[in-house]
Amino acid sequence: MQTDAKVSTAGGTESGRRGPGCSLRHFACEQNLLSRPDGSASFLQGDTSVLAGVYGPAEVKISKEIFNKATLEVILRPKIGLPGVAEKSRERLIRNTCEAVVLGTLHPRTAISVVLQIVSDAGSLLACCLNAACIALVDAGVPMRALFCGITCALDSDGTLVLDPTAKQEKEARAVLTFALDSVDQKLLMSTTKGLYSAAEGLWL
């Protein structure tokens with residue numbers, strides 16, 4: 001099915017313009033930054049930055065114990081203040097994604113905690129959180145059937161698809177979509193959308 005959607009190949013970042021032909025902002029990561037967690041990582045997408053720490057498998061509270069697999073917990077801390085509704089919603093999406101790939105049955109009656117600290121939010125925050133969580137899980141040696149990655153895209157008013165949008169582009173877009181994909185089968189693990197888009201545009205995405 002053909003649509004009028006187009007892919008933007010050069011968009012602005014908070015700190016400058018992207019290079020020609022590039023659809024993603026500059027990204028970088030670093031592992032083993034923190035001493036207390038079993039694994040840690042930072043992930044940077046443009047000017048969006050998230051720090052992640054993974055604890056476990058470790059002892060779990062009896063009230064949260066699952067007899068045949070590990071209990072996976074995700075905590076997302078905002079840059080300032082206390083977590084709100086938006087953070088709780090992102091926690092659920094990240095937890096569902098991690099549970100889809102973590103081999104929790106290898107560590108029953110234990111707890112695996114993923115703690116994410118937002119350092120800066122300049123757009124595509126959920127995707128950055130997903131990527132930071134995956135790298136921290138790898139650093140902690142948590143067994144997984146596959147790696148995963150997150151990507152956010154936005155549809156602007158004329159149907160142009162912008163990958164890895166900035167906060168300004170997200171605010172101006174009529175729809176923002178985030179996906180999580182695994183590295184083995186390239187299957188969709190999670191998707192969430194905000195805004196309006198046509199059925200044809202949904203099939204194209």
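**Entry 1: a term to begin with**

I use "buried" for residues under 20% relative accessible area, "exposed" for those over 50%, and "partly exposed" for those in between.

**Entry 2: the whole chain**

I looked up the overall make-up first. The protein has four helices and ten strands. Reading from the N terminus, I wrote down the order β-β-β-β-β-α-β-α-β-β-α-β-β-α. Of its 205 residues, 43% count as buried. The accessible surface comes to about 10,900 Å², and carbon and sulfur atoms hold 54% of that surface. I also checked how far along the sequence the contacts reach. Among contacts between residues at least 6 apart in sequence, 63% join residues at least 24 apart.

**Entry 3: how confident is the prediction?**

The mean pLDDT of the protein is 85, and 85% of the residues reach 70 or more.

**Entry 4: the cores**

The largest nonpolar core has 35 residues, and Val54, Ile94, Val102, Leu116 and Leu137 touch the most other members. Two or more residues each come from strands S3 (39-45), S4 (48-59), S5 (71-77) and S6 (110-120), and from helices H1 (85-101) and H2 (125-140). Which element gives the most to this core? My note says H2, with twelve residues. Another core lies apart from this one; it has six residues, among them Cys153, Leu155, Leu161 and Ala175.

I then followed Leu137 by itself. Leaving out residues up to four places away in sequence, I listed its contacts as Val54, Cys98, Val102, Ile112, Val114, Val142, Met144 and Phe148. Val54 and Val102 are on that list, and I had already met both among the core residues that touch the most other members.

**Entry 5: salt bridges**

Side chains of opposite charge can pair when their charged atoms come close. I counted six salt bridges and looked up some of them.

- Glu73 pairs with Lys64 at 3.6 Å, N to O. Glu73 is partly exposed at 31% relative accessibility, and Lys64 is partly exposed at 41%.
- Glu91 pairs with Lys88 at 3.7 Å, N to O. Both residues sit in helix H1, three residues apart, which is about one turn of the helix. Is Glu91 buried or exposed? Glu91 counts as buried because its relative accessibility is 9%, whereas Lys88 is partly exposed at 48%.
- Asp182 pairs with Arg145 at 3.4 Å, N to O. Asp182 belongs to strand S9 (residues 175-182) and Arg145 to the loop between H2 and strand S7 (148-155), so this bridge ties together parts that are 37 residues apart in sequence. Asp182 is buried at 4% relative accessibility, while Arg145 is partly exposed at 39%.

**Entry 6: an aromatic pair**

I searched the whole structure for aromatic pairs and found one. Phe27 and Phe43 are stacked, 6.2 Å centre to centre and with 10° between the planes. Phe27 lies in strand S2 (residues 27-31) and Phe43 in strand S3, so the pair ties together parts that are 16 residues apart in sequence. Phe43 is buried, with a relative accessible area of 8%.

**Entry 7: backbone points I marked**

Most residues other than glycine have a negative phi, and most peptide bonds are trans. I marked the following against that background.

- The peptide bond from Gly56 to Pro57 is cis, with omega near 5°. I placed Pro57 in strand S4.
- Asn32 is not a glycine, yet its phi is positive, about 55°. I found Asn32 in the loop between S2 and S3, where it counts as exposed because its relative accessibility is 57%.
- Arg109 has a positive phi of about 60° and is not a glycine either.

Terms used:
Residues are numbered from 1 along each chain as its sequence is written. This is a predicted model: local features need pLDDT of at least 70, side-chain atom pairs count only at pLDDT 80 or more; totals for chains, interfaces and linings use all residues. Side-chain values use heavy atoms; hydrogens and water are left out. A nonpolar core is a set of buried Ala, Val, Leu, Ile, Met, Phe, Trp, Tyr and Cys residues joined through side-chain atoms within 4.5 Å. Buried means under 20% relative accessible area, exposed over 50%, partly exposed in between (1.4 Å probe, protein chains only). Contact means heavy atoms within 4.5 Å. Accessible areas come from the Shrake-Rupley method with a 1.4 Å probe; for residues, only the protein chains shown count as cover. pLDDT is the predictor's confidence in each residue, from 0 to 100. A salt bridge is a side-chain nitrogen of Lys or Arg within 4 Å of a carboxyl oxygen of Asp or Glu. Rings of Phe, Tyr and Trp (its six-membered ring) pair if their centres lie within 6.5 Å; planes under 30 degrees apart count as stacked, over 60 as edge-to-face and the rest as tilted.
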